[in-house]
Amino acid sequence: MGAVTRGTTNPNRLRRVDNWIAATCGDLLRDAADPLVVDLGYGASPVTVVELRARLAAAVRPDVRVVGLEIDPVRVAAAVPAADPPGLTFGRGGFELAGLRPVLVRAFNVLRQYAEPEVVPAWRIMTGALRPGGVLVEGTCDELGRLAGWLLVDASGPRSLTLAARLGTLDSPAVLAERLPKALIHHNVPGTRVHALIQALEEGWRAAAPYATFGPRQRWRRSVETVRAAGWPVLDRPARWRLGEVTVAWSAVAPPGATGPGAP
Ligand SMILES: C[S@@+](CC[C@H](N)C(=O)[O-])C[C@H]1O[C@@H](n2cnc3c(N)ncnc32)[C@H](O)[C@@H]1O
């Protein structure tokens, strides 16, 4: 289920989300009888699937099985030489996940190319194919993976939004608005929760300017502390902040009428 879209990808582009998956979903994979992960929509080259497998095998468990699924048969054929079964295989499939029952799905830079009304139905199809307790990580990044935004989605809907940036080149958190997941990007206008979040980060970043002397990590950490002190439900801890991340509860940013726990 789905449509062939542009196949743009790049080596190492998804490192931020991969590392977050290993840290945040590692226990889910460790506890799984069959640690099956699907990377949906890997694009013109399978490189990001190869990297996901390597990262999970090193950081979570060596017997992880990653299956790259693509809706475009030409891209499946191009990926097959990179397979390393049983840990890394490729196949043709769409949102229905080709009949697989993974514990985790990563779908990056896929829904960005769909219309917004298609997002929730796509989530439902993908999460409906997961093993009980399984999760979908769905988001977007820029070409080189310096800016990214993703949602953790389970069978009940989205749980959290994570924003991540390469702090060494970050001028202002406002640029993260360009990489919001599809479900939020069109809602980033004054008066919405997601707009208020980006503004809060921006204000925190400005107020933390003196900390720039100690490096951009200190400045980001300070900005996130300010956002949290203002009442935003920040779910992650300083160890993640120092990587240029912040994760908030979906309920804090959900657009009106959105799906998911705690959505207004
Ligand atoms: C921009 S590429 C993303 C590549 C890679 N995930 C990345 O982030 O670098 C999007 C890919 O998703 C594929 N795609 C789009 N809809 C899909 C679907 N429903 N199921 C599987 N693949 C899909 C497209 O054919 C395209 O190759």
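This is a predicted model: local features need pLDDT of at least 70, side-chain atom pairs count only at pLDDT 80 or more; totals for chains, interfaces and linings use all residues.
## Overall architecture

The secondary structure of the chain amounts to nine helices and eight strands. Its radius of gyration is 18 Å, close to the 18 Å that the globule rule gives for 264 residues, so the chain is as compact as a globular protein of that length. Along the principal axes, the C-alpha trace spans about 50 × 40 × 35 Å.

Of the 264 residues, 53% count as buried, and among contacts between residues at least 6 apart in sequence, 66% join residues at least 24 apart. The chain exposes about 11200 Å², of which carbon and sulfur atoms supply 54%.

Helix 5, which comprises residues 119–128, has Val 119, Ala 122, Trp 123, Met 126 and Thr 127 as buried residues. These residues cover an arc of only 120 degrees around the axis, which puts them on the same side of helix 5. An α-helix has 3.6 residues a turn, so residues three or four places apart point the same way. The face turned away from the buried side of helix 5 carries the exposed residues Arg 124 and Gly 128.

The cover over the buried residues of helix 5 includes strand 1 (36–40), strand 4 (104–108), strand 5 (135–141), strand 6 (147–154) and strand 7 (157–165), together with helix 6 (182–185).

Arg 75 is found in helix 4, which covers residues 73–79, and counts as buried because its relative accessibility is 16%, where the cut-off is under 20%. Leaving aside neighbours within four places in sequence, Arg 75 is in contact with Val 4, Thr 5, Arg 6, Gly 7, Tyr 42, Gly 43, Ala 44 and Glu 70.

## Backbone exceptions

Most residues other than glycine have a negative phi, and most peptide bonds are trans. In this model, a cis peptide bond joins Pro 85 and Pro 86, with omega at about 5 degrees, and Pro 86 lies in the loop between helix 4 and strand 3 (88–92).

Asn 12 is found in the segment before helix 1 (15–24) and, at 33% relative accessibility, counts as partly exposed. Leu 97 is found in the loop between strand 3 and strand 4 and is buried, with a relative accessible area of 0%.

How values were computed:
Residues are numbered from 1 along each chain as its sequence is written. Side-chain values use heavy atoms; hydrogens and water are left out. Buried means under 20% relative accessible area, exposed over 50%, partly exposed in between (1.4 Å probe, protein chains only). Helices (H or I, at least four residues) and strands (E, at least two) are DSSP runs, numbered from the N terminus. The arc is that of the directions from the helix axis to the C-beta atoms. Contact means heavy atoms within 4.5 Å. The radius of gyration is taken over C-alpha atoms; the globule rule is 2.2 Å times the number of residues to the power 0.38. Accessible areas come from the Shrake-Rupley method with a 1.4 Å probe; for residues, only the protein chains shown count as cover.
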